[in-house]
Amino acid sequence: MYQQMIFVNLATTDLDAAKRFFTELGYSINAQFSDDSTASIPLSDTIVVMLHTPQKYGVFTKKDVIDSRKSSEVLLALSAESREKVDELVDKAVAAGGTVTGETQDHGFMYGRAFDDLDGHTWEVVWMDPAAVEG
């Protein structure tokens with residue numbers, strides 16, 4: 001059965017630092033689709049983050065490439081299998097140089113925290129009780 005994929009393309013001001021950041025979160029770099037201007041980071045079988053230098057990112061758009069530390073171009077949300085996994089990923093991000101952003105959201109059936117990566121992209125990590133989703 002075909003599974004649609006998403007490729008999240010983001011500009012980074014320091015590709016080497018961004019690669020270290022994501023590997024410290026537990027992800028790997030796919031060397032086959034990486035070079036000196038791009039890093040391919042599979043988050044799952046269907047989600048791949050493509051980090052690009054601003055020059056390389058500019059090849060894909062005619063729009064200005066923004067400074068994501070000053071402007072928000074996207075909010076990214078990742079699911080987690082448990083509340084503990086939410087905390088684990090956010091804590092890894094902070095240890096790798098990211099910053100916590102916003103307040104912890106705890107609604108009982110849903111729990112989430114967010115962090116900004118080294119380039120200021122906001123990543124939300126959310127757990128939802130499967131029983132609440134089904135009901």
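Predicted model: local features only at pLDDT ≥ 70, side-chain atom pairs only at ≥ 80, totals over all residues.
Trainee: Why is the pair of Phe21 and Phe115 called tilted?

Mentor: The ring centres of Phe21 and Phe115 are 6.2 Å apart, so the rings pair. Their planes stand at 55 degrees, so the pair is tilted.

Trainee: What does the pair of Phe21 and Phe115 tie together?

Mentor: Phe21 lies in helix H1 and Phe115 in strand E7, so the pair ties together parts 94 residues apart in sequence. Helices (H or I, at least four residues) and strands (E, at least two) are DSSP runs, numbered from the N terminus.

Trainee: Why is the pair of Phe22 and Trp123 called edge-to-face?

Mentor: The planes of Phe22 and Trp123 are at 70 degrees, so the pair is edge-to-face. Their ring centres are 5.7 Å apart. Phe22 is in helix H1 and Trp123 in strand E8, so this pair ties together parts 101 residues apart in sequence.

Trainee: Are Phe22 and Trp123 buried or exposed?

Mentor: Buried means under 20% relative accessible area, exposed over 50%, and partly exposed in between (1.4 Å probe, protein chains only). Phe22 has 3%, so Phe22 is buried. Trp123 has 2%, so Trp123 is buried too. Phe21 and Phe115 are also buried.

Trainee: Which residues form the aromatic cluster?

Mentor: Phe21, Phe22, Phe115 and Trp123 form one cluster.

Trainee: What makes Arg113 and Asp87 a salt bridge?

Mentor: The rule asks for a side-chain nitrogen of Lys or Arg within 4 Å of a carboxyl oxygen of Asp or Glu. Arg113 and Asp87 are 3.0 Å apart, N to O, so they qualify. Arg113 is in strand E7 (residues 110-116) and Asp87 in helix H3 (residues 83-95), 26 residues apart. Arg113 counts as buried because its relative accessibility is 14%. Asp87 is partly exposed, at 24%.

Trainee: How many salt bridges does this rule give?

Mentor: The count comes to eight. One of them joins Lys56 and Asp35, whose closest N and O atoms are 3.8 Å apart. Lys56 is in helix H2 (residues 54-59) and Asp35 in the loop between helix H1 (15-24) and strand E2 (38-42). Lys56 is partly exposed, at 23%.

Trainee: What separates Lys92 and Glu88?

Mentor: About one helical turn, because they are four residues apart in helix H3. Salt bridges that share partners join Lys85, Glu88 and Lys92 into one network.

Trainee: Why is Thr122 called buried?

Mentor: Its relative accessible area is 15%, so Thr122 falls under the 20% limit. Thr122 is found in strand E8 (residues 122-128).

Trainee: What makes the link from Thr122 to Asp116 a polar contact?

Mentor: A polar contact is a pair of N or O atoms within 3.5 Å. Within protein, one must be able to donate a hydrogen and the other to accept it, and residues adjacent in sequence count only if both atoms are side-chain atoms. The side chains of Thr122 and Asp116 make such a contact at 2.7 Å.

Definitions and conventions
Residues numbered from 1 in each chain as written. Heavy atoms only, no water. Phe/Tyr/Trp six-rings, centres within 6.5 Å; stacked < 30°, edge-to-face > 60°.
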